[in-house]
Amino acid sequence: MDLRADPVELTAALIDIPSVSRDEARIADAVEAALRDVAATVPEGMPAVTVERIGDNVVARTHRGLPQRAILAGHLDTVPIADNVPSTRGVDAEGRDTIFGCGAVDMKSGDACYLHAFATLAGSPALKRDLTLIMYACEEIAGEFNGLGHLADSHPHLLEGDVALLGEPSGNVIEAGCQGSIRVKVTAHGTRAHSARAWLGDNAAHRLTGVLSRVAAYSAGTARIDGLTYREGMQVVHIQSGVATNTVPDEAWAYVNYRFAPHRDTDEAIAHLMGVLAIDDPLVDVEIEDVSPGAAPGLDRAAAAELVAIAGGVAKPKYGWTDVSRFAALGIPAVNFGPGDPAYCHKRDEQIPVDMITELSDDLLRYLTTAPADDGRNATAPAAS
């Protein structure tokens with residue numbers, strides 16, 4: 001695998017290596033070998049490039065002592081293949097030259113741009129920011145397996161930097177920060193009975209209706225941070241009850257998902273959610289099943305604002321949760337910046353127009369070869385969208 005090749009060709013090469021979550025060894029081997037080739041060709045007299053393999057996570061770094069360090073991060077895994085590997089090339093519905101295949105958008109095209117940028121600049125005097133490249137495993141499954149999370153716990157020094165870029169598909173614009181997410185399970189308990197003698201029972205589904213009504217009536221708030229407007233939301237996303245069509249159910253439960261803006265920390269967000277649920281029935285309980293903190297956009301930091309300026313001067317808020325949150329927890333401003341339409345993520349016809357790969361790659365190289373501002377905290381905020 002030639003990381004200095006056209007990132008369009010590199011995208012296809014990465015797609016052609018199956019890498020469903022928890023089966024990334026083959027692609028990690030290929031990436032590691034290619035990065036070691038890059039490290040071996042750094043000009044004599046220039047500080048060495050280091051490459052580390054930790055599980056199926058690969059980390060490469062330059063060590064030039066440059067004014068800033070930019071982290072380029074991307075996950076190597078994909079969702080299960082749906083007859084869409086190897087890659088194919090053709091035209092999309094709009095007649096554009098397009099690569100099709102599993103991971104084309106999420107996120108092997110982003111990986112290709114980041115790998116290409118690292119390989120192109122690791123030994124080049126044009127590089128103006130030291131680089132940390134992190135290609136990690138198991139993003140598409142439960143957080144307990146997430147390779148970036150494991151690195152943050154076991155090797156936090158590898159995640160140190162002034163700004164982090166995550167190659168999540170963002171349509172070639174900056175999507176800064178991310179919303180936080182909380183999922184709770186609300187369970188109502190009752191007494192089972194024949195529906196013909198309902199007075200002998202206690203309908204758990206009916207006990208749940210108060211919580212459902214309060215969530216349905218919830219009015220989503222907004223928060224404006226660094227010029228970006230984040231919109232919150234609370235929804236019942238799964239509900240179940242029932243024993244038989246002639247039986248009063250003795251249990252009913254619902255999952256509630258709260259997406260909160262990054263101006264709230266997790267404690268505040270949990271308190272807000274519990275206030276909306278307002279559970280005061282001893283036969284209704286709530287269990288917190290998942291909490292993922294949000295990430296502030298950090299666009300007041302020059303290292304992030306300069307990237308926005310080079311990428312068109314417009315930034316959008318990220319409404320979903322992504323791994324930028326892991327960098328934000330370490331005090332590093334982080335943005336999502338990758339090619340492709342996220343609407344194609346995980347689809348059988350996952351696809352990436354070739355020109356989006358080329359344009360993002362060009363923007364990334366321009367950013368990394370532009371001298372950073374002296375002050376890392378007093379940048380002019382970019383335009384919001």
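1. UniProt, in an unreviewed entry, lists residues 179-275 as "domain: Peptidase M20 dimerisation". In this predicted model, that stretch is 24% helix and 42% strand.

2. Confidence comes next. Mean pLDDT for the chain is 94. Of the residues, 97% reach 70 or more. One stretch to treat separately is 375-381, where pLDDT stays under 50. For residues 375-381 the model has 12 contacts beyond four places in sequence.

3. Now a sheet. Three strands form an open sheet in the order β4-β5-β19, and the pairing is antiparallel. β4 (88-91) and β19 (351-353) are the edge strands; each has a single partner strand, so one side of each lacks a neighbour in the sheet. From one strand to the next, the twist averages 30°.

4. Look at the pairing of β5 with β19. Strand β5 covers residues 97-100 and is joined to β19 by 3 bridges. The two strands run antiparallel. For F100, the bridge partner in β19 is Q351.

5. Which strands does helix α1 lie across? Helix α1, residues 7-15, lies across β4, β5 and β19. Its direction is at about 20° to β5.

6. Helix α3 spans residues 104-121 and lies across β5 and β19. Helix α3 runs at about 45° to β19. When inspecting this part of the model, view α3 together with the strands it lies across, β5 and β19.

Methods: Residues numbered from 1 in each chain as written. Predicted model: local features only at pLDDT ≥ 70, side-chain atom pairs only at ≥ 80, totals over all residues. Heavy atoms only, no water. Pairing = 2+ DSSP bridges. Helix = DSSP H or I, 4+ residues; strand = E, 2+ residues; numbered from the N terminus. Axes fitted to C-alpha atoms, helices over the stretch in contact; angles between N-to-C directions. Contact = heavy atoms within 4.5 Å. pLDDT = per-residue confidence, 0-100. UniProt positions renumbered as here; feature names shortened; annotations may be inferred.
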